[in-house]
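Please find below my notes on the model, arranged as numbered points. They are meant to be read beside the sequence and the coordinates.

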Amino acid sequence: MCRLFVMQDPASYECETRAVRLHGHTTSIRLEAEFWAILEEIAAREGVPLSRFLCSLHDEVLQHQGDIPNFASMLRVTCALYLRDPVAHASAVAARRAREIDAVVA
């Protein structure tokens with residue numbers, strides 16, 4: 001077994017429950033500390049607070065799929081996809097910002 005995995009800080013996989021407001025409704029989300037850290041990193045790269053990022057992500061998924069049966073699991077997968085290809089994420093953010101700027105200028 002690789003020592004990298006065995007020597008993890010137990011705090012990284014401790015569960016944290018955070019209250020989040022999604023369009024005026026407060027809900028609790030329970031994730032491991034490391035997932036919260038990754039989500040905070042993604043939000044920072046997006047240039048928004050974590051709460052706004054979570055709300056936007058929730059809205060986008062609802063628009064595309066109509067339902068989110070397990071938001072916490074979807075957030076974990078979001079973290080995995082981000083870690084798998086951060087360059088694609090950076091490109092998507094840049095493209096979205098360019099569209100936003102074009103919309104303001106037009």
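**Notes on the predicted model**

1. Salt bridges, overall. The count comes to four salt bridges, a salt bridge being a side-chain nitrogen of Lys or Arg within 4 Å of a carboxyl oxygen of Asp or Glu. This is a predicted model, in which local features need pLDDT of at least 70 and side-chain atom pairs count only at pLDDT 80 or more, while totals for chains, interfaces and linings use all residues. Residues are numbered from 1 along each chain as its sequence is written, and side-chain values use heavy atoms, with hydrogens and water left out.

2. Fold and extent. The protein chain holds five helices and two strands, where helices (H or I, at least four residues) and strands (E, at least two) are DSSP runs numbered from the N terminus. Read along the sequence, these elements follow the pattern α-β-β-α-α-α-α. The C-alpha trace spans about 55 × 35 × 25 Å along its principal axes. Of the 106 residues, 28% count as buried; buried means under 20% relative accessible area, exposed means over 50%, and partly exposed lies in between (1.4 Å probe, protein chains only). Among contacts in the chain with a separation of 6 or more, residues 24 or more positions apart account for 40%, contact meaning heavy atoms within 4.5 Å.

3. The pair E40 and R18. The side chains of E40 and R18 meet in a salt bridge at 2.8 Å, N to O. E40 lies in helix α2 (residues 33-46) and R18 in strand β1, so this pair ties together parts that are 22 residues apart in sequence. Both partners are partly exposed, E40 with a relative accessible area of 36% and R18 with one of 24%.

4. The pair E32 and R76. A salt bridge also joins the side chains of E32 and R76, at 3.1 Å, N to O. Since E32 belongs to strand β2 and R76 to helix α4, the pair ties together parts that are 44 residues apart in sequence. R76 counts as partly exposed, at 24% relative accessibility.

5. R45 is partly exposed, with a relative accessible area of 45%, and E41 counts as partly exposed at 36% relative accessibility. Salt bridges that share partners also join E16, R18 and E40 into one network.

6. How do α3 and α4 pack? The axes of helix α3 (residues 50-65) and helix α4 (residues 71-84) come within 12 Å and cross at roughly 105 degrees. Here the axes are lines fitted to C-alpha atoms, for helices over the stretch in contact, and angles run from 0 to 180 degrees between N-to-C directions. α3 and α4 are therefore roughly perpendicular to each other, given that angles of 65 to 115 degrees count as roughly perpendicular, under 35 as roughly parallel, over 145 as roughly antiparallel and the rest as oblique. In this contact L54, L57, H58 and V61 of α3 meet F71, M74, L75 and T78 of α4. The residues involved divide into six nonpolar, two polar and no charged, with Ala, Val, Leu, Ile, Met, Phe, Trp, Tyr, Cys and Pro counted as nonpolar, Asp, Glu, Lys and Arg as charged, and the others, Gly among them, as polar.

7. Cysteines. A search of the whole structure finds zero disulfides, a disulfide being a pair of cysteine sulfur atoms within 2.5 Å. The sulfur of C15 is 13 Å from the closest cysteine sulfur, in C79, which is too far for a bond, and the sulfur of C55 is 17 Å from its closest cysteine sulfur, also in C79 and again too far. C15 is partly exposed, with a relative accessible area of 35%, whereas C55 is buried, at 14%.

8. H23 has a positive phi of about 55 degrees although it is not a glycine; H23 lies in the loop between β1 (15-22) and β2 (25-32) and is exposed, with a relative accessible area of 52%. H89, found in helix α5 (residues 86-105), counts as buried at 16% relative accessibility. Leaving aside neighbours within four places in sequence, H89 is in contact with I42, R45, E46 and Y82.
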